[in-house]
Structures are given as C-alpha cells and as structure tokens.
Amino acid sequence: MNIIVNDQPVTLNAPMTVQQFLEHQFLEHQLLEHIERPQSGTALAINQTIIPRSEWQTHQINDGDSILLFQAIAGG
C-alpha cells in the first residue's frame, strides 16, 4: 500500500489505522518524533480533510492517501 506523508512516499505492508501508523513510524523509523505523545495543537489531515484526534484510533488509512501532519499554531 503506497501513501504520501508530508510530501514523502511511504509504503505500508499492511492496512492500519492512523494511530497504528503514527506509532509504527515512530518506533520503526523515528520520522515523527514530535507525535510520540501528541500534544495539543498537533493536527493530521488525510486528502486535505482534518481527522479529529478522537478518530485516530479508528480511521483507516487507504492506498493512495495523502497525509499531512503538522503543528497548528494560533496567532492574532
């Protein structure tokens, strides 16, 4: 299964949820260190749709998905 994460191609060997993917990326590759313990303001979008953190454990990643992981910042 091929996906794009922050503009980088990633191949997954098995289907997984967002939470499983984030844990896998940290444990196997340490690419996403800042989300080991997601802090307030960490956001994730799949195919330009924000996925609420409450859905990370159940939202399934699909082949061809484009994932953007970022730190949201408030300003005035």
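Visitor: What share of the contacts with a separation of 6 or more comes from residues 24 or more positions apart?
Guide: They account for 52% of those contacts in the chain, where contact means heavy atoms within 4.5 Å. Keep in mind that this is a predicted model, where local features need pLDDT of at least 70, side-chain atom pairs count only at pLDDT 80 or more, and totals for chains, interfaces and linings use all residues. Residues are numbered from 1 along each chain as its sequence is written, and side-chain values use heavy atoms, with hydrogens and water left out.

Visitor: OK, and in what order do the elements run?
Guide: β-β-α-β-β-β from the N terminus on. Helices (H or I, at least four residues) and strands (E, at least two) are DSSP runs, numbered from the N terminus.

Visitor: Switching to Asp65, where does Asp65 lie?
Guide: In the loop between β4 (49-50) and β5 (66-71).

Visitor: Is Asp65 buried or exposed?
Guide: Buried, meaning under 20% relative accessible area with a 1.4 Å probe, protein chains only; exposed is over 50%, partly exposed in between.

Visitor: What does the side chain of Asp65 reach, then?
Guide: The backbone nitrogen of Asn62, at 2.7 Å.

Visitor: And which residues does Asp65 touch, leaving out those up to four places away in sequence?
Guide: Asn2, Ile3, Ile4, Ile46, Asn47 and Gln60.

Conventions: Lys and Arg count as positive and Asp and Glu as negative; His and the chain ends are not counted. A salt bridge is a side-chain nitrogen of Lys or Arg within 4 Å of a carboxyl oxygen of Asp or Glu. A polar contact is a pair of N or O atoms within 3.5 Å; within protein, one must be able to donate a hydrogen and the other to accept it, and residues adjacent in sequence count only if both atoms are side-chain atoms.
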